[in-house]
Structure formats: structure tokens, C-alpha cells
Amino acid sequence: MNWGTIIYVVLLVSLTVAKALPRTSRDAEGKTSIGQRFSQLHENNFKAIALIMFAQYVPGGTFRRAAGMAERVTALARSCAAAARDSPDCLKPLDRIFFDTICQEKNLPRIADCCAKEDSERNDCFLSLKNFSQGFIPPLQRPDAEAACRNYSQQQQPLTAYFTYEVSRKHPFLPAPTILSVALQYEEMMKRCCGSEEGPSQHLQECFQTQAPKVVKSVREDALRQKHTCGILKKFGERTLKALKLTQISQKFPKADFVTVHKLVMDVADMYKDCCRGDMLDCMQDREDILQYVCSNQHILSSKIQQCCEQPLLQRSECIIHVENDDKPADLSPHVREFIEDKGICERFAQEKDTHLARFLYEYSRRHPEFSAQMLLRIGKGYEDLLQECCRPGAPSGCRSRGEEELRKHIYETESVMRTSCDIYNEKGDYYFQNELLMSFTKKMPQLTSTELIKFTKEMTTIGSKCCQLGQDKLLPCAEENLDLVLGEICRRHLADPINPGVCRCCSSSYAFRRPCIGKLEVDESYVPLALTPGLFAFHGDLCTMEEEKLQHRKQEMLITLLKYKPQISPEQLGSVTAAFGAMRERCCGEANPEACFLKEGPELIKRSEKMLSA
């Protein structure tokens, strides 16, 4: 059976995968064996999971070697399932078999140190290689259409398996179900674009250009979400992650009681600890256990997840994540004044601080699905600060009563920021809204490259197009939670290569206040502006012949350069320079020789602009 069929069959099973690939501790106790795993998974599924594991754990290997190791482990599993159950090799824990197989390979880069270690230390060492791998593996490339279809029709290369391998090694922390799901999308693209026995599609290049982005979109989005959540766990700790998940789960399941929500929060946090560590076996098991619990307890959780729980397990997780929040209980009071007015509040806060704060966050979140999770965390922090101040000895009477006024003020400020941003977006449209963002973020973060600034602001503009059309009850969750993903990217970029002290403070001090903090940043005073060199601003005849999209990109690059040269430029000065550039372009593009015109007019424009900016 070819690799494409193997991947397809994997996706059709009702994920006994997670249950059949157990935690190391269970294997170590001898309760399961590789033969039992093989029998539960069946050969095709076992082999596909093995390929993913070897690709993720051996960053410097090749597809051929990973596929070869998968074949050998599968052969061992087949023999253990058939007759050799009592063989010493068949009784080894599954993770040890995988790592032993890797260590039997010769000349694999960077694994010798790991192979010299034992059991848990060896496992930790191999996990560290996953972190290393992300630094040198190139991004996925769009396949050459004709060559891909030629190989696909001749079956000379197992393309789907190779794609699976490439995704796995590029994303060593991505769970196997996500990888297998995108592999199936790749297989479907090949069938659609390369055609049937009659030959490939008439519009081969167009088909690949249309379908390829769809194939990688899901894996990129899932990888981004995972990097984001793991970044929160790493930078801000388990307490912050649990608080975030508490708000999200409370909003999703407002009818569930606190004990049930708390259990889910703890389970999800444990899952992320395993997933973010890169332990695929435990990660898959954790995810399966959570889905099993959720779907077995629909009656106390949500009336909206029945259809999700009827889907195959691979699709079930994504379905539950994206399903709409359940309806609030009919008898749920609109306020939580008991957390302010009850006489025993300070005593409870002193005795069980985290539990008391968690109950407040649970009660407030389930009442307010129209708020973003980040805003709810800020409200929770405000409540904590209020109690710390008002529960201290000597605090004035009525101290806690000001909490409600401060809460209203914060809600108004957050909603105003989002409304103002959407007003600007609706007035200016994508291109000019992005330019507004470029002016703001180039001043805040001039150390970023033009490519980075355009990328990040483009993502923010996409959020505007997606969220600003929504009603007030959906705007905040959509806008701030998507913006949080982009700010997470910026903060990971800062972690890899520091940007400036202001960004450092915002990315490090508080997860909940990261967005307001970055929003309040102004011109970076530590930045040394670019010097005016002859090549800093260059104008050529291609400004007259570019397609509109490329011309807009070039204008944005020039805007960024101008802001890096004069960070303190005023809006009026910028408007004057922009108008002068537009007039020069219109004049030169009307000449018989635009290049000569730009060579003459360009330096004159720079002189006039410099004089105006220096005034």
C-alpha cells in the first residue's frame, strides 16, 4: 500500500491513535507493548505515526532515513503482534524502541550525545533537538506543478509521505493529528490539480497557485496558535495560562459549574505542558482524554457541541474550539456584587487567594461572552489589586465600592480603542489603514525591518477587515484575541533579537496588559535615525510601470524609510512630502524618458523635503 493511501486510512480511524500511543510511565510499567500498540492502530496508522515521530525527533535527517526507520519499527511491531510477544525487544517501552532505532542509525547529526544517555535523560535530550531544529530548516516551498504531477502520476516518489515528513520536521511541536489532516488536504490537491488518468488539469499552474495556500493555511494557523500559547506558558508561567484558559472555557461553557470548569482548566494546562515540551505521545493522549471527557459530559457542559462530538476525533477538536459559546443560564444574575459587598471577602481572599480569584474570573467570564479573554484577565487583575489594597489593615471603609467605577472606566476605554480603530478602517480601507499602522509601529519599533513592519501591519489590517464588520457583541473577542496573536509574534521576534526597551517592557511585564502597553508606546527615543545617504531615497522609472499592488508596496517601503530617517515628522510634514512625491511621479511618468526625469527631479525633491523637515 502506498504512502498516500496510508495517510488517508490514518484519517479515517476513530483516533485510537492517542489511546494506543501511551504515556511513557504506562509503558514502563509493562502494561502495554509494541505488539499491542500495533494491533490497536493497525499497520498503516502505526507506520504513518512512526514517520512523523522520526521526522520530528531527528532534525538533521533525511526523508529516506526517516521512512526507513519507520519501516523497521513497523516490521518489529508486526512480528511482536504476530508471534514474538515474549521477545525482549517486544517488551521494551515504546518510546525506548523509537529512540533505540534512532541511535542505531550511523552519522545522524547531533544525536550522539543523546544516545549516550539513559531513559528519561535521553528523552529530554531528544526533546531539546526539537528546539534546535526550528533554527535551520527552511520553510515549506510550493511544489513545481509539472514535476509534482509527473511524480504523482508515475508513483516514483511517495509525495504525500514526503510532504508529511517536511511538515513534521518544519513543525516539530505540531501534534500528529494536525499533520495528518493537512497531509490529506495535500493528497486531495494533487488529485484535483494533476487530474485523473486522462491527464493533468488544463490550468495546472493556476490550480496549484489557488490550492497550495489553502493546504498550508491550516498547518500555519495551528502552528501559530500553538507557538502563541506555548510562548505564554514559557514567558508568563502556568498561572497565567490557567487564568487564560479559565476565561475561555467559562465563556464557552457558561452552564458548567466551577468544579467542572476548573477540572478542564487543569487538564488543558497539563496538555499544553506536554505539547509545548514536544512530547508527542503524551500530548496526543492528553488531547484524547480531554475530548473524551467533554463529549461524555455534554449534558453538563454545552448544548452546542453534539455535532462536534459526532465527528471523527481528528475533526472534533477543531470543531469544539470554533463552535459558538453556549447560551447563558436563564437564571444567571447579571452582576457579581457579592465579590465586592460580602463581609467575608477579605477573609476568603487571605485564606485561598488563587481559588477566590479563579471563582471571580469564572463568574465574570461566563456572564460576558462579549468581552475578550485578555480584557477579562485585566478585569481579574484589577479585582486582585482592589482586594490587596482594600483588605489591608487600616483600609478606609467603602474602599471596595470604587471597584465598580474603575471597572466601567476600563471597559469604556477598551471599547473606545476598538471602535476608533474600526472607524479609521471603515473610512480609509485596507491600504490607507495599513499605512496608518505603519506610521505608528515604525515610530514604536524602528529597529524592525521594512519586511517585518509590512508583514505585521498587514496581519493587523486583515483583523480589521475580519472583525470591524461584526456587531458589538462579537467585536472585542474577534479584534483583541486576533491582535494578541500578532503581538505574540512581535514579542517572539523580540525574544530572538531584542527590539528596544519599550517593547521589552511590554512583552515581559504582563500578558493581559501587553496590548494596551504596546498601544501606548510612542517614538522610541533610544533609536538613532538613519543618515541621509545618496542611496537612501532612490526613484526610478519602474515607478511608472509597476502593477498597483507592487507600487503600493514600494510606497510603503519608502514611507518606512522616511520615518526611520525622521521619526519625529509631524502629520502635516508627512502629508507635504507625500504630496510632493505624488506630483513628481505624475510629472515624470508623463515624460518620454521617465528614468531621466527621476534622476533629475529626485535629488531636488529630497533637498526641498530636507529643508522643510529641518525648519
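Q211 counts as buried because its relative accessibility is 16%, buried meaning under 20% relative accessible area, exposed over 50% and partly exposed in between (1.4 Å probe, protein chains only). The model is predicted, so that local features need pLDDT of at least 70 and side-chain atom pairs count only at pLDDT 80 or more, whereas totals for chains, interfaces and linings use all residues. Residues are numbered from 1 along each chain as its sequence is written, and side-chain values use heavy atoms, with hydrogens and water left out.

Q211 belongs to helix α13, which spans residues 204-252; helices (H or I, at least four residues) and strands (E, at least two) are DSSP runs numbered from the N terminus. When neighbours within four places in sequence are set aside, Q211 is in contact with M189, R192 and C193, contact being defined as heavy atoms within 4.5 Å. K191 is located in helix α12 (residues 176-194). With a relative accessibility of 41%, K191 is classed as partly exposed. The C-alpha atoms of K191 and Y152 are separated by 8.8 Å, although these residues lie 39 residues apart along the chain.

For the protein as a whole, 30 helices and zero strands are assigned. Of its 615 residues, 49% count as buried. Among contacts between residues at least 6 apart in sequence, 71% join residues at least 24 apart.

Two helix pairs were examined. The axes of helix α6 (residues 63-82) and helix α7 (residues 94-104) come within 10 Å and cross at roughly 135°; axes are lines fitted to C-alpha atoms, for helices over the stretch in contact, and angles run from 0 to 180 degrees between N-to-C directions. The helices α6 and α7 are therefore oblique to each other, since angles under 35 degrees count as roughly parallel, over 145 as roughly antiparallel, 65 to 115 as roughly perpendicular and the rest as oblique. The crossing of α6 and α7 is right-handed, the near helix being turned clockwise from the far one by less than a right angle (anticlockwise for left-handed). On the α6 side, M69, R72, V73 and L76 meet I97, F98, T101 and I102 of α7. By class, this contact of α6 with α7 comprises six nonpolar, one polar and one charged residues, where Ala, Val, Leu, Ile, Met, Phe, Trp, Tyr, Cys and Pro count as nonpolar, Asp, Glu, Lys and Arg as charged, and the others, Gly among them, as polar.

Helix α21 (residues 353-367) and helix α22 (residues 373-390) have axes that come within 10 Å and cross at roughly 135°. These helices, α21 and α22, are therefore oblique to each other, and α21 passes α22 in a right-handed crossing. The contact is formed by K353, H356, L357, F360, L361, Y364 and S365 of α21 together with L376, L377, I379, G380, Y383, E384, L387 and Q388 of α22. Nine nonpolar, four polar and two charged residues make up the contact of α21 with α22.

A82, in helix α6, is exposed, with a relative accessible area of 60%. A82 and G35 are 47 residues apart in sequence, and their C-alpha atoms are 7.7 Å apart in space. N107 lies in the loop between α7 and α8 (112-115) and is exposed, its relative accessible area being 75%. The phi of N107 is near 65°, a positive value in a residue other than glycine.
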